[in-house]
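This briefing goes through a protein structure topic by topic. Please have the sequence and the 3D view at hand.

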Amino acid sequence: MSNQERYLSLVNEIQEHNRRYYLEDNPSVSDAEYDLLMRELRSLEEQHPEWIVPESPTQNVGADIDDAQQDALLARSPFAPIQHLHRMTSLDNAFDDSDLQSFEDRINRVLGTSGQSYDYTCELKIDGLSINVYYHNGQLTWAATRGNGVIGEDVTANLLTIPGIPRKLEGVPEHLEVRGEVFMTKEEFLRLNAEAEELGGTVFKNPRNAAAGSLRQKDASVTASRKLQVNFYALGSTEGLAVHTQGELLKWLQDHGFQTNPYSKHARGWSEAAAYHREMIQERPNFPVDADGTVVKVDRFDLQNELGFTSRAPRWAIAYKFPVEEARTVLQDIQINV
Ligand code: NAD
């Protein structure tokens, strides 16, 4: 097989994994294996940008499906399609400190500075599924999954069964999208799987798939019985709000009754962000939830705006993944406990 044939076969293989993961909540490879395939794909694309096909998973969010597949999916889906006001993106990945340093180098390049250390807000990357909650004149109106980043599924009734989501907000812009991560604790995942084994229901591979499967239920009372939780960390747009940094935003969310993750921290420069990441690796066994890394975000919104987005991810944030051995240990713990 030539390198270009290998490239095209990787595109197909990863698309298939995306379909199983995002549309069926039933992956056939581990996240670490998936990430290795994505790394190989990225490296081939870096060496041969002329090979890049539009359907490449590096150019898209979620499962890239064509219009016919989208129609078939929507016809089968019990959820109505909802168009997000602002696109929902993914995140680029860092796997070691040098990737984090390259992230800061790129920020310097794009902003026309050299060797400058930027301010970041670092957060835990909880492994769940992202949700977009829309408030019209301060009233919660709908909630949708990320979908392909442009159109998601209407899961409003299901989301409303989760605590920590204000129904009404005062003094906010007419249109407001608040974004976060729906997840399931490891304890609830084990309980659910033990129950499923006993009663012959669906056994989920991991808490992320269990959270996704539980949120996307036809019957909201089933979702209610699954004890899902949600953490918020972003807005679709900050226009009209007096928040200027990611740190201020997390405080704003808390002050307005949104559940946020307690582990966030300010860092100056990539090396402090790397130190936070190491701290989180130490803390990891104590987390009640699966976290697959940390997220490092440029703190100032004016700089975020200048940096902008690629086709699938912001240039101002990066997901620094936890090491694979750690991921395996947690999975083994869960299987042993089951
Ligand atoms: P991602 O999970 O790598 O990163 C983006 C997501 O992180 C966001 O959409 C959001 O949901 C989440 N997130 C959690 N905490 C956050 C925070 N504090 N701030 C911002 N975002 C936060 O991206 P993705 O595109 O959803 O998925 C890619 C990953 O999913 C892969 O790296 C792999 O681990 C996994 N995956 C696995 C398979 C498989 O077959 N095993 C298939 C597809 C994807």
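Seven of the eight residues of strand β3 are buried, leaving the strand mostly covered. A residue is buried if 20 or more other C-beta atoms lie within 10 Å of its own, exposed if 12 or fewer, and partly exposed in between, with C-beta atoms placed from the backbone. Helices (H or I, at least four residues) and strands (E, at least two) are DSSP runs, numbered from the N terminus. The model is predicted: local features need pLDDT of at least 70, side-chain atom pairs count only at pLDDT 80 or more, and totals for chains, interfaces and linings use all residues. Residue numbers start from 1 along each chain as its sequence is written.

**Strand β3 and its partners**

- Two strands are taken to pair if DSSP finds at least two bridges between them.
- β3 pairs with strand β9 (residues 265-268) in the antiparallel sense, over four bridges; here Asp119 stands opposite Arg268.
- β3 and β10 also run antiparallel, joined by seven bridges, and the bridge partner of Tyr120 in β10 is Val298.
- Strands of a sheet pair through backbone hydrogen bonds, either parallel or antiparallel.

**Tyr118**

- Tyr118 lies in the loop between α4 (97-111) and β3.
- Is Tyr118 buried or exposed? Tyr118 counts as buried because 22 other C-beta atoms lie within 10 Å.
- Leaving aside neighbours within four places in sequence, Tyr118 is in contact with Glu104, Ile107, Gly269 and Val298; contact means that the C-beta atoms of two residues, placed from the backbone, lie within 7 Å.
- Arg226 is 108 residues from Tyr118 along the chain, and the C-alpha atoms of the two are separated by 41 Å.

**Strand β11**

- β11 (residues 317-321) is mostly covered, with four of its five residues buried.
- Strand β10 (residues 291-298) runs antiparallel to β11, and five bridges join them.
- Strand β2 (residues 92-94) pairs with β11 in the parallel sense over three bridges.
- Ala319 in β11 is the bridge partner of Asn93, and Val295 also stands opposite Ala319.

**The four-stranded sheet**

- Four strands form an open sheet in the order β5-β4-β7-β8, with antiparallel pairing.
- Its edge strands, β5 (139-145) and β8 (229-235), each pair on one side only.
- On average, neighbouring strands of this sheet are turned by 30° against each other, direction ignored. Axes are lines fitted to C-alpha atoms, for helices over the stretch in contact, and angles run from 0 to 180 degrees between N-to-C directions.
- Eight bridges pair strand β4 (residues 129-136) with strand β7 (residues 175-183) in the antiparallel sense, and Tyr134 stands opposite Glu177 in β7.
- Helix α7 (residues 207-215) packs on the sheet and touches β4 and β7; the direction of α7 makes about 130° with that of β7.

- Most residues other than glycine have a negative phi, and most peptide bonds are trans.
- Asn137, which is not a glycine, has a positive phi of about 50°. Asn137 sits in the loop between β4 and β5 and is exposed, because 12 other C-beta atoms lie within 10 Å.
- Lys227, also not a glycine, has a positive phi of about 50°. Lys227 is in the loop between α8 (220-224) and β8, and is partly exposed because 17 other C-beta atoms lie within 10 Å.

**Domains**

- The protein is divided into domain 1 (1-76) and domain 2 (77-83 + 93-337); the bounds come from an automatic or database domain assignment.
- The C-alpha centres of domain 1 and domain 2 lie 22 Å apart.
- Domain 1 gives 14 residues to the contact and domain 2 gives 17 residues.
- On the side of domain 1 that touches domain 2, the elements giving two or more residues are α2 and α3 (67-76).
- The residues of that side of domain 1 divide into five nonpolar, five polar and four charged. Ala, Val, Leu, Ile, Met, Phe, Trp, Tyr, Cys and Pro count as nonpolar, Asp, Glu, Lys and Arg as charged, and the others, Gly among them, as polar.

**Around the ligand**

- Which residues come nearest to the ligand? Of the 21 residues around the ligand, these are Tyr21, Pro27, Asp31, Ser90 and Ser130; a residue is near a molecule or strand if its C-beta atom, placed from the backbone, lies within 6 Å of it.
- The elements that give two or more residues to this shell are α1 (3-23), α2 (31-47) and β3 (119-126), and the largest share, four residues, comes from α1.
- Nine residues of the shell are nonpolar, five polar and seven charged.
- The ligand lies between domain 1 and domain 2, because both give residues to the shell around the ligand.
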